[in-house]
Structures are given as structure tokens and as C-alpha cells.
Amino acid sequence: MINFYNVDKEYISLATEIYNAVLKHFNQQEDIFEIDLEGVSREEIHEVNIEQRGVDRATDVLSFQYIEELNLPCTIEDYPMDIDYETGKIMLGDILVCMDIMKEQAIEYNHSEEREVAYLTLHGILHLLGFDHMTEEDKAVMRQQEEAVLNSLNITR
């Protein structure tokens with residue numbers, strides 16, 4: 001389940017489709033997760049990037065992972081300390097997508113805003129699942145996962 005904040009309606013169904021494709025890709029049979037996804041401005045993401053990461057610039061997407069080592073597929077019983085007792089779901093974390101930069105990158109990469117927001121949403125979700133791109137090896141693995149999910153939905157460049 002994704003909770004959306006300040007996100008245009010047209011992106012909500014696409015982000016939900018991406019989320020469901022990720023669950024399927026990792027053989028996660030049941031939707032037991034909770035993610036907060038917020039659309040933010042360039043100024044807002046810049047401020048958060050400084051405060052949380054010490055990086056003095058705006059970026060396209062930030063993810064804040066709650067569970068350091070998540071093993072998929074999993075069940076609620078695997079992570080009893082990470083459950084939101086109001087929803088009964090495992091809290092994976094928060095994703096901030098800079099809508100300003102998303103629109104600029106769609107133009108820069110010569111593809112649709114829908115493709116760009118799909119990619120950024122997927123990228124953020126993969127970070128919440130423990131993927132990263134700090135080393136070239138990790139980056140290659142993450143890119144492979146991104147391409148597999150996007151291709152499964154026929155979302156191409």
C-alpha cells in the first residue's frame with residue numbers, strides 16, 4: 001500500500017502499478033507493506049537533502065528506508081517490530097519525488113513524464129527494499145532490477 005501526498009492523480013495509478021509489479025517481481029504474494037510517497041518541490045528536496053544527507057543540492061528522488069535488511073518474500077510475522085498497528089502493514093519507509101526535476105528529466109531524456117515518474121517511483125521503492133548504487137556492482141544489480149520491472153509493464157524509453 002502506498003500513501004500518496006501532494007501527487008497528481010494521473011501518477012497515483014501509475015505508481016500503484018509500479019508497486020504491484022515490484023511485489024510480483026520479488027514473488028511477494030501478499031501486499032503487507034506501507035510506503036509514504038510525497039511529491040515535493042526543488043526547494044523542499046534540496047532542504048531535505050542537506051538536512052538528512054549533508055548534500056547541498058536538489059535531487060530527483062530520496063528514499064528513507066526503515067528496515068535495513070529486508071528479505072523477500074516475507075510475511076508480517078518476519079518483522080513484528082516494524083508494523084504500523086493502525087494499518088497492520090510493515091512500514092518500509094518514505095519516498096520523496098521532486099516533481100520539478102522529474103519534469104525536467106523527462107525532457108532531458110526525451111521520454112514521457114509518465115516514464116520518468118515510473119522510473120523514479122521504482123528507484124525509490126528498490127531503495128526501500130535494500131538496493132543501492134554506491135558501487136558499480138550494486139549499481140548494475142539495481143539497474144537490472146529496474147529494467148526487469150519496467151519491461152514487465154512495457155514502460156520503455
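**Exercise 1.** Explain why Glu146 and Arg143 are separated by about one helical turn, and classify the burial of each residue.

*Solution.* Step 1: Glu146 and Arg143 both belong to helix H5 (residues 136-152) and are three residues apart, so about one helical turn separates them. Helices (H or I, at least four residues) and strands (E, at least two) are DSSP runs, numbered from the N terminus. The model is predicted: local features need pLDDT of at least 70, side-chain atom pairs count only at pLDDT 80 or more, and totals for chains, interfaces and linings use all residues. Residues are numbered from 1 along each chain as its sequence is written, and side-chain values use heavy atoms, with hydrogens and water left out.

Step 1: The two side chains meet in a salt bridge at 3.2 Å, N to O; the term requires a side-chain nitrogen of Lys or Arg within 4 Å of a carboxyl oxygen of Asp or Glu.

Step 2: Glu146 has a relative accessible area of 1% and is therefore buried, while Arg143, at 30%, is partly exposed. Buried means under 20% relative accessible area, exposed over 50%, and partly exposed in between (1.4 Å probe, protein chains only).

**Exercise 2.** The structure holds two salt bridges; determine which parts of the chain are linked by the pair Arg42 and Glu104.

*Solution.* Step 1: The closest N and O atoms of Arg42 and Glu104 are 2.2 Å apart, and the two residues form a salt bridge.

Step 1: This pair links distant parts of the chain, with Arg42 in helix H2 and Glu104 in helix H3, 62 residues apart.

Step 2: Arg42 is partly exposed at 28% relative accessible area, and Glu104 is partly exposed at 42%.

**Exercise 3.** Which residues form the negative surface patch, and which helix contributes the largest share?

*Solution.* Step 1: The patch consists of Glu38, Glu43, Glu44, Glu47, Glu51 and Asp100. Patch residues have over 30% relative accessible area and no salt bridge, and like charges are joined within 9 Å. Asp and Glu count as negative, and the place of a charge is taken as CG of Asp or CD of Glu. Accessible areas come from the Shrake-Rupley method with a 1.4 Å probe.

Step 1: Helix H2 (residues 42-53) supplies the largest share, four residues.

Step 2: Asp100 lies in helix H3 (residues 99-108) and, at 32% relative accessibility, counts as partly exposed.

How values were computed: Patches are made of residues with over 30% relative accessible area and no salt bridge: like charges are joined within 9 Å, nonpolar side chains (Val, Leu, Ile, Met, Phe, Trp, Tyr) within 5 Å.
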